[in-house]
Structure formats: structure tokens, C-alpha cells
Amino acid sequence: MGSDSGAKDTGGNSRTAGKVQEGISEKISTHARTEKESTKVVIIGGGACGMAAATKIRRQSDFNIIVLSCDSHTAYSHCGIPFVLGREIENFEKLIVKPPDFFRENKIDVRLNEKVISIDLTGQVILTGEGIYHFDKLVIATGSLPFILRKSQANIMPYGIFTLRTLADGMLFGKALETARIVCIVGGGTIGIECASALTRRGIKTILITRNKDLLSRQFDSDMSAIVRAQLKALGVEVITGETVLLPENFWKQKTILVKDRQFPADLVLLATGVKPETCLAEEAGITIGKAGGIVVNEMLQVKTGEKFLPNVYAGGECAEVTDLVTGEQRLSQLGTTARHMADVIGNNITGKHSTFGPLADPWVAIAGNLQFGGVGLTSGEAERQGIKVVTGFSRGRTRASYYPGRKDLYVKLLFKGNCLAGAQLAGGEGIKERIDALSLAIRKKTTVKDLLSLETCYAPPVSMLVDPLIPAVKSAVRNMREIKANEKSPDEKLD
């Protein structure tokens with residue numbers, strides 16, 4: 001899922017930064033400290049990483065902490081938005097994890113609706129539309145921006161077309177849904193799927209469209225994606241894959257979208273086409289951006305300029321790159337759990353408690369109606385892109401004993417790199433999160449297929465089958481390994 005406990009937030013940026021840069025150094029002197037003061041920490045971004053870092057730093061120090069955010073809310077669960085839209089959660093206010101009073105009482109100065117214009121690393125100054133802020137320590141937690149393919153002359157979304165970047169976006173979309181009968185969702189990732197499921201709960205006709213041939217194209221293999229697609233179809237969602245959407249400039253008037261040679265009526269459109277890291281401020285300040293598109297950081301999450309990492313400037317959350325546990329490659333992570341972990345590491349390092357951030361397997365889970373689905377580690381598609389050979393194993397089982405009421409299907413797919421577990425994908429009616437968590441640890445510990453064959457599992461009819469569905473998936477992988485090995489032998493060797 002997308003980041004939790006906060007929006008994919010940014011302090012903002014402006015291309016006018018170069019014009020004001022010359023004046024910054026002159027203004028710094030007027031803000032110079034005439035006496036020794038507490039260490040000043042400035043955090044750009046009030047999302048999951050930024051606010052968790054602020055709270056961590058406060059618990060461990062008496063530093064002066066300022067959070068700059070162009071968002072109108074802070075400390076809320078972005079991942080909860082689809083469930084408010086589906087009316088499973090009463091209102092958007094319920095998603096606010098910590099109220100403004102919490103930060104005031106803890107002497108954390110949160111400046112909402114304040115856009116950052118530039119970062120001066122040499123002078124250690126942040127310039128906003130409201131003023132100048134000196135820092136001793138800086139945290140860049142600017143999050144992500146919606147990835148929008150559509151372009152217009154004004155670069156503004158026409159009325160009736162929405163994104164869900166912030167809580168305010170969710171509120172606006174929720175208000176528009178009150179009179180909507182047909183909604184088109186563009187994007188086949190977890191947010192698009194969860195929102196599609198949510199809208200069907202309200203009796204709203206929903207069309208989900210993705211340009212990829214499968215849903216969850218970067219997270220699931222085709223066979224597992226088909227299970228999610230079947231669930232959406234059962235909920236009444238019309239799913240269209242492998243097609244792009246044309247949104248007319250006057251959508252607000254036509255109430256129509258175009259898909260190839262077909263027209264679909266739609267009162268509203270939700271763009272859930274993914275996100276891209278918000279790195280403009282960092283890049284303009286001379287901070288290194290990596291090949292995955294995020295801010296380059298070391299294991300202490302310090303940023304890089306030129307050939308060195310800065311000891312007093314950190315980055316975390318969706319704007320920073322992470323290392324993949326299986327491939328060793330740099331990539332991005334849009335998980336709230338990642339943002340929270342990074343915040344802890346940043347908070348420790350800023351307050352003198354040395355801490356490091358290691359490679360990630362990125363376990364995730366999502367919901368569509370009564371179907372839970374998720375995964376961890378490598379997918380077949382990513383393995384192919386990286387030139388990694390994998391062997392898979394698949395099984396279909398039940399979540400309870402065959403005779404016990406309420407049993408649900410459970411699908412397990414495992415991927416092995418060599419003899420070690422490298423990825424897992426699961427879908428079913430219950431028990432998905434717990435299994436993914438266990439398999440995440442197994443990947444981290446380089447668990448072998450032999451280890452998994454000897455795995456002991458517990459059993460009780462209301463919560464499991466006698467033989468856990470994981471075991472047949474492992475055995476399936478073993479059979480596939482033996483078949484591949486047999487096919488690699490020469491004809492003479494086979495006769496032997």
C-alpha cells in the first residue's frame with residue numbers, strides 16, 4: 001500500500017529558486033544566532049516519515065523542531081482513504097492519528113500550508129513563501145507526487161477528475177461521490193483496486209482501466225493477478241486491461257471517457273496511475289538523485305552531494321531510494337512501514353544514537369471486498385527484467401479444515417532463486433498478512449527449499465488445514481526444480 005500515517009507530502013518547490021538564491025545569503029546574517037541556542041531541526045514534509053521523525057526526535061532530545069508542509073493536514077493515515085470512501089470508516093476525521101494539539105503540547109512547530117521554495121545547503125537555510133528558517137539538521141521527507149500521463153495547456157485537471165494524494169483530496173472526492181452514479185478509475189495498482197472495491201459498496205457503477213495487460217503488474221504475476229481480477233468482477237467492477245484512456249479537455253461537460261474506439265459515460269474520474277518521488281527541491285539544491293528517481297542516501301539515510309554524504313542532512317520516505325534485499329538494486333518503496341522505519345533511523349542519528357537502514361524485501365498486503373492479497377520479494381516479471389532465473393511453486397488450499405464452516409480459498413505462489421526463497425505472492429479470504437510476514441522473514445534469513453520442506457506448522461480446524469497450503473507450494477517448486485534439472489542433462493545422462 002501507499003504510505004500510512006500521513007500523506008505523500010511535499011514542502012513544495014518553485015522554479016524561481018534560482019532567482020532568489022542570491023538574496024538568501026544576505027538575509028542569513030539577519031537571522032544569525034547571537035547566543036547559543038538549542039539545535040535547530042527543520043523537516044520538509046508532514047507525511048508519514050516527516051511526522052514520525054519529528055516525534056522520535058522530540059522523545060530523545062530538547063531540540064528546536066519545525067515541520068514545513070504545503071499540505072492542509074498532517075499525521076493522518078493515507079491508506080485509510082479508500083475505506084472512508086467505502087463507508088467502512090465513518091468519516092475522514094477518523095484517519096487523523098494525532099491532532100494538532102499533540103504537536104503543540106510536545107513543542108513541535110508544524111507549519112501547514114507553507115510551501116518551501118529552496119534549500120541553501122551552504123548557508124543552512126530554508127526559504128519559504130512565509131520566511132527564512134535556519135537549520136542545524138535537515139530532514140527531507142517530501143514524499144511523492146501523483147504520476148499523471150495526461151497533459152493539458154494549463155497542466156490542471158479538469159473539473160470532475162481527481163487524485164488522492166492528500167486527505168483534502170480524499171475529502172473533495174468523497175463529496176463529489178455523493179451525486180455520482182458512474183466512476184472511472186484509471187490505474188490497476190492497490191489504490192485503484194481498493195477504491196474500486198469501496199465504490200461498489202456504495203452501489204456506484206465502477207470501471208477500472210489500466211494500460212498494463214494485468215492488474216498489479218509490478219507486484220503480482222499474471223496467474224495471481226487473475227485471482228484479483230475475478231474478485232473485482234464478482235463485486236461488479238468492469239475491468240479493462242491493456243488500454244489507455246483519453247480524457248477530453250471538456251470532460252466536465254461531456255461526462256465521457258474514450259478507450260480505443262469505445263466511449264464510456266462517467267460522472268467522475270479518479271487517477272490512480274501511481275506516484276513519482278518529489279525530488280525537485282533536493283535536485284535544485286545539488287543533492288544527488290539516483291537511477292531509480294529518488295534521493296540517494298547512505299545506510300544512515302544521509303544525502304549525497306558530489307562525492308560526499310552530508311552529516312547533517314537526511315532524507316526518508318517515498319522520496320528516497322532504498323536497496324532491494326534480493327537483487328541489491330536501488331529502487332523506491334511506497335510503504336508506510338518503510339517510511340516509519342526510516343523515520344526511526346533518522347531520529348536516532350540526529351539525536352546521536354547511531355542507527356542504520358538496511359535492504360528491504362517490502363512485504364505488502366491489500367483488500368478487495370472479502371479478498372486479501374499481497375506479496376513480498378521478487379516477482380517473475382522483476383526477475384526477468386533483472387536476468388535472474390527463478391523456479392516457482394503454486395498451491396491452492398483452504399484456510400480451515402474442509403469440514404469447518406466458513407472455510408475460504410487460499411492461493412500461494414513461491415519463487416526460489418537458486419535454492420533460496422526469493423519471493424512470495426498470496427491471495428485468499430483470510431490469514432494473508434500473517435503468512436506474508438513469516439515469508440518476509442524467511443526471505444531475509446535466506447531460507448532454503450529444504451528448510452521449508454521440513455517446516456513444522458500448527459493446526460486447529462477453525463484456523464488451518466492439517467497440511468498448511470504453504471507446504472504443497474514448496475513441494476510444487478521442488479518438482480519444478482527436478483524437472484528443470486532433468487531437462488538440462490544430456491540424453492545419455494538421462495538413460496543412466
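Q: Is Trp-364 buried or exposed?
A: Trp-364 is buried, with a relative accessible area of 9%. Keep in mind that the model is a predicted one.

Q: What kind of aromatic pairs are there, and how many does the structure hold?
A: The structure holds six aromatic pairs. One of them joins Trp-364 and Phe-373 in an edge-to-face pair, with 6.1 Å from centre to centre and 80° between the planes.

Q: Why two values for one pair?
A: Because a pair of aromatic rings is described by the distance of the centres and the angle of the planes.

Q: And is Phe-373 buried or exposed?
A: Phe-373 counts as buried, because its relative accessibility is 0%. Phe-373 and Trp-364 also belong to one aromatic cluster with Phe-220.

Q: OK, new topic: how many salt bridges does a search of the whole structure find?
A: It finds 20 salt bridges. Asp-223 and Lys-413 form one, with their closest N and O atoms 3.1 Å apart.

Q: Where in the chain do Asp-223 and Lys-413 sit?
A: Asp-223 is in helix α7 (residues 222–235), and Lys-413 is in strand β24 (residues 409–417). They are 190 residues apart, so this pair links distant parts of the chain. Lys-413 counts as buried at 7% relative accessibility, while Asp-223 counts as partly exposed at 37%.

Q: What about Arg-104 and Asp-101?
A: Their side chains meet in a salt bridge too, at 2.2 Å from N to O. Both sit in helix α4 (residues 100–105), and because they are three residues apart there, about one helical turn separates them. Arg-104 is exposed, with a relative accessible area of 56%, and Asp-101 is partly exposed, at 40%.

Q: Which residues are linked in a network of salt bridges?
A: Lys-205, Glu-238 and Arg-262 are.

Q: Switching to the surface: which residues form a nonpolar patch there?
A: Tyr-403, Tyr-459, Leu-466 and Val-467 do, with about 450 Å² of accessible area together. Tyr-459 lies in the loop between α13 (449–453) and α14 (470–488), and at 36% relative accessibility Tyr-459 counts as partly exposed.

Q: Last one, zooming out: how many helices and strands does the protein have?
A: The protein has 15 helices and 25 strands. Buried residues make up 52% of its 496 residues. The accessible surface comes to about 23,500 Å², and 50% of that belongs to carbon and sulfur atoms.

Notes
Residues are numbered from 1 along each chain as its sequence is written. This is a predicted model: local features need pLDDT of at least 70, side-chain atom pairs count only at pLDDT 80 or more; totals for chains, interfaces and linings use all residues. Side-chain values use heavy atoms; hydrogens and water are left out. Patches are made of residues with over 30% relative accessible area and no salt bridge: like charges are joined within 9 Å, nonpolar side chains (Val, Leu, Ile, Met, Phe, Trp, Tyr) within 5 Å. Accessible areas come from the Shrake-Rupley method with a 1.4 Å probe; for residues, only the protein chains shown count as cover. A salt bridge is a side-chain nitrogen of Lys or Arg within 4 Å of a carboxyl oxygen of Asp or Glu. Helices (H or I, at least four residues) and strands (E, at least two) are DSSP runs, numbered from the N terminus. Buried means under 20% relative accessible area, exposed over 50%, partly exposed in between (1.4 Å probe, protein chains only). Rings of Phe, Tyr and Trp (its six-membered ring) pair if their centres lie within 6.5 Å; planes under 30 degrees apart count as stacked, over 60 as edge-to-face and the rest as tilted.
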